[in-house]
Amino acid sequence: MLPGHLEDSSRQGIAKAIHRILALATYPARIIANNPLPRGWIPKAEDNKASSDPPLQARGAQGR
């Protein structure tokens with residue numbers, strides 16, 4: 001379990017690292033027979049952080 005205070009993007013980064021390590025342990029290292037985490041296991045990070053870009057509706061024709 002990961003601490004609850006981590007952002008979604010941090011959790012996704014940790015999940016990617018774990019998946020990559022297990023994939024490398026499967027091939028080429030062949031330490032384990034197969035990766036116990038299926039493809040697509042990595043959770044999606046929600047993009048709800050503030051950004052410097054205005055919303056598309058506020059940009060009007062300039063955003064095109």
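I looked for a nonpolar surface patch and found one of about 310 Å², made by Leu 2, Ile 14, Ile 18 and Trp 41. Patch residues have over 30% relative accessible area and no salt bridge, and nonpolar side chains (Val, Leu, Ile, Met, Phe, Trp, Tyr) are joined within 5 Å, like charges within 9 Å. A salt bridge is a side-chain nitrogen of Lys or Arg within 4 Å of a carboxyl oxygen of Asp or Glu. Accessible areas come from the Shrake-Rupley method with a 1.4 Å probe, and for residues only the protein chains shown count as cover.

I noted the ground rules. This is a predicted model, where local features need pLDDT of at least 70, side-chain atom pairs count only at pLDDT 80 or more, and totals for chains, interfaces and linings use all residues. Residues are numbered from 1 along each chain as its sequence is written, and side-chain values use heavy atoms, with hydrogens and water left out.

I looked up Leu 2 next. Leu 2 sits in the segment before helix 1. Leu 2 counts as partly exposed because its relative accessibility is 33% (buried is under 20%, exposed over 50%, partly exposed in between; 1.4 Å probe, protein chains only).

Then I turned to Arg 30. Arg 30 lies in the loop between helix 1 (8–26) and helix 2 (56–59). Arg 30 has 61% relative accessibility, so it counts as exposed. Leaving out residues up to four places away in sequence, Arg 30 touches Leu 24 and Ala 25 (contact means heavy atoms within 4.5 Å).

Last, I checked the whole chain. The protein chain has two helices and zero strands (DSSP runs numbered from the N terminus: helices are H or I, at least four residues; strands are E, at least two). Of its 64 residues, 9% are buried.
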